[in-house]
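Me: Could you take a close look at the aromatic rings in this model for me, and then at the helix contact as well?

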Amino acid sequence: HYTKTKIKFHSAFIKGENDSDLDISILNYKLKEQFKNFEFNIVRYNPYSPKFGEESDTKTRFLIRKTLNAKVKSRVGMDVNASCGMFYGAVSESST
């Protein structure tokens, strides 16, 4: 697809969920195959608790950044248990 407007993608990477070499290779291929003018940003992952996984390690984030020519966005939301535009609501542990 061609557009004069740069399309921006944002994604968080979770260790063991979406950060394998294969995951990144497929993402890179699909983006470059379908979009000629895009920007990719890595959003730092802030899990609410350990049961929601953990952020990819520094080495993996570096490889993702290099492969996708991505920028890493600063970690935000730690003080309110939020990240990636989502805020944790008043949900009991038993319902999650």
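Reply: Happy to. Rings of Phe, Tyr and Trp (its six-membered ring) count as a pair if their centres lie within 6.5 Å, with planes under 30 degrees apart called stacked, over 60 edge-to-face and the rest tilted. By that rule, Phe9, Phe35 and Phe38 form one aromatic cluster. This is a predicted model, in which local features need pLDDT of at least 70 and side-chain atom pairs pLDDT 80 or more, while totals for chains, interfaces and linings use all residues. Residues are numbered from 1 along each chain as its sequence is written, and side-chain values use heavy atoms, with hydrogens and water left out.

Across the whole structure, the search finds three aromatic pairs. In one of them, the ring centres of Phe13 and Phe40 are 6.2 Å apart and the planes stand at 40°, so this pair is tilted. Phe13 sits in the loop between strand 1 (7-11) and helix 1, and Phe40 in strand 2 (residues 38-43), so the pair ties together parts 27 residues apart in sequence. Helices (H or I, at least four residues) and strands (E, at least two) are DSSP runs, numbered from the N terminus. Both Phe13 and Phe40 are buried, meaning under 20% relative accessible area, where exposed is over 50% and partly exposed in between (1.4 Å probe, protein chains only).

Now for the helices. Contact here means heavy atoms within 4.5 Å. The axes of helix 1 (residues 21-34) and helix 2 (residues 58-68) come within 10 Å and cross at roughly 20°; axes are lines fitted to C-alpha atoms, for helices over the stretch in contact, with angles from 0 to 180 degrees between N-to-C directions. Ile24, Leu27, Asn28, Leu31 and Lys32 of helix 1 make the contact with Ile64, Thr67 and Leu68 of helix 2.
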